[in-house]
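Please look through this protein model with me. We will go step by step.

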Amino acid sequence: MDQFFLGFLILSFFISSSTTFAQQNYSANSALDCNSSDETGPSPAFLYTCNGQNNSCEAFLIFKSQTSYDSVPTISSLTSANQDELARINNVTRIAKFPPNKEVIVPVHCSCFGQYYQANTTFHATRGYSYYIVASQTYEGLSTCASLKRANEYGEFDLGSGVEMHVPLRCACPTSTQLRSAVNYLLTYPINFGDSLAILAERFNTSERSIIDANGLEENPVIYPDTTILIPLQAKPTSSITIIHEGPPNVSRPSAPSPGDRTSKRKLYEWIGIAAACSLLLLSVTLAILLLLCRERRNKALESNHERNHVLLEDLRVEIASVEQVLKVFGLKEVKKATENFSSKHRINGSVYWGEFDGEMLAIKKMRRDVSKEVNILKKINHFNLIKLRGVCENLGCFYLVFEYMKNGSLREWLSGERSEYHGSWSTRIQIAMDVANGLHYLHSFTEPACVHKDIKSSNILLDSKLRAKIANFGHARAAARGTTTNAAVTKHVEGTRGYMAPEYVQAGQVTPKIDVYAFGVVLLELITGKDAVFIQDGRETLLSTATVSILQKENAEAELALFIHPSFLGSHDIKLALRLARVSLACLVNAPEKRPGMGEIVSTLLKIQECLAKTKPLEVDSVDVAAPKWHSSIGSTNWRAEAISK
């Protein structure tokens, strides 16, 4: 009996420990410390730890409307959230404006990067900003100073005008324990003056115990403004839970013990923030006046010139007007000045040019076709791994789309270049694959309806200064139902690039997200081998996908693959890594679309391979849940995912 009782206690201890380990830890005021370190392990001073059951999920943030960020377009742009989804979940129109201090629900795609969950966005800093100000004031504690310093290469006070910052937002996915307790979503909530767990539990229809467990809190905890806690939810939040906060009382904020004396630095940051806010307010008023004057002048010019042939389609005008607070409408003179009248030295490729606008370098794509569909899609998507449309211009039927500038050009150009020292970096190429996979996962799973790119290829994937990838060229993109052939849209106008098109699209015109999965498989092979999707072999054109399948069907697949891969691409790592990635690719290239994995599963698998590479040791199959649907490769009935993450 005593032995049974002892065994029961030991079992209870392990269950309790497992449950405790599964929760996040509240950061307290360590989130405000710009000098925090996580050298000894994950720290809540950075972001939330990747301890959920899934590596990616839909999550939610609460953001309080503030000057410059008080409407659906501006808040969705600030957080890279989908504008339509943000409007829908807050029960407002796409261009609605919120009153000051109004809580706004922000839906985000939360993914595990390394050891932390995050939702990625970008922020263009102006003079006077610091990491502390961006984290605690602009993003209201939804990011942290330490994580911003790690994500960006600039010095703490070197955030000059036009600097683009990478901003990781705090989010998390439910643990297996929470999912068993019917917690399906986690909402990141910035603490305000007067908040208590009892008040928050009642507002969000949850229990204090659930909040305590989700944040690793003790009983009757002290929570601090400018920090965040996770609110566990059974269902998606609705606008009925949001409130308008009163301004903070004129009292000093409570502070928790933390290493070093940060009082003077925080006061400096606060004064800098006040000055920056005033400057931004003055600048906003000035720009608004100038915009009104420009509109009045433009309207007069249009009235006096009735004979001009207005080629711009009316639906495009509606689209531009509806997002005018996000997309800038450039004048032709402004575009010509930036590109020196489209001089050859500004040409990037074909009809794409670079230009400098107020000290910021942007890319200009010149087109003579109707761009209303492309603009309509681009204005609805906001994700770090999708190219961002910054503005539009039209003149006599010629359209100019202004995009963010991608310093390293297309992936195809980079793979074909002479920089072999980069090509040999497996970590760089796997990160590029992860970026593309995350962008497609967002398009397929987090837009409504699902968006199919239809033209995924290495020349439509662009690389920024840090070799982070973004999907571009949405000219062929279209909405499609989620699923496979049973509810596929069908088109009679098949268009695409040889070597990347899925068989069901070529043969029957079927359009589902699985045609993007197929094309991604080809791009992944390009990253592995360094070869084009269609290349010359023995004097004949050969499809890269066909050649790779043939190699992996052989008994000596590893040796054959090593000979097939460009020497500069192998690097110092074992050919087994290339073989694992090739298995992921072949799972994408299965002829039957219903047997191809979804992009969410691909992201999860690539993440495990990336972690394995970082640890420089083999990853055991049983270290990841492979009980998901067993997608089979085209070369046999083996579990592709298990093979890809094993030795």
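Keep in mind that the model is predicted. Start with the charged side chains. The count of salt bridges comes to 21. We will visit some of them.

Take K470 and E404. Their side chains meet in a salt bridge, with 2.9 Å from N to O. Where do these two residues sit in the chain? K470 belongs to strand β15, residues 469-471. E404 belongs to strand β12, residues 398-404. The pair is 66 residues apart and links distant parts of the chain. Both K470 and E404 are buried.

Now move to E526 and R412. Here, too, the side chains meet in a salt bridge, at 2.4 Å from N to O. E526 is found in helix α17 (residues 514-529) and R412 in helix α13 (residues 411-416), so this contact ties together parts that lie 114 residues apart in sequence. Are these two residues buried or exposed? E526 is buried, and R412 is buried as well.

The next pair is K576 and E558. Their salt bridge spans 3.0 Å from N to O. K576 lies in helix α21 (residues 575-588), while E558 lies in helix α19 (residues 557-564), so the pair ties together parts 18 residues apart in sequence. How does the accessibility of this pair look? K576 has 36% relative accessibility, so K576 counts as partly exposed. E558 has 30%, so E558 also counts as partly exposed.

Salt bridges can also be joined up. D84, R94 and K380 are linked in a network of them.

In what order do the strands lie?

Strand β9 covers residues 352-357, and strand β10 covers residues 360-367. The two run antiparallel, and six bridges join them. Which residue of β10 is the bridge partner of W354? The partner is A363.

How values were computed:
Residues are numbered from 1 along each chain as its sequence is written. This is a predicted model: local features need pLDDT of at least 70, side-chain atom pairs count only at pLDDT 80 or more; totals for chains, interfaces and linings use all residues. Side-chain values use heavy atoms; hydrogens and water are left out. A salt bridge is a side-chain nitrogen of Lys or Arg within 4 Å of a carboxyl oxygen of Asp or Glu. Helices (H or I, at least four residues) and strands (E, at least two) are DSSP runs, numbered from the N terminus. Buried means under 20% relative accessible area, exposed over 50%, partly exposed in between (1.4 Å probe, protein chains only). Two strands pair if DSSP finds at least two bridges between them.
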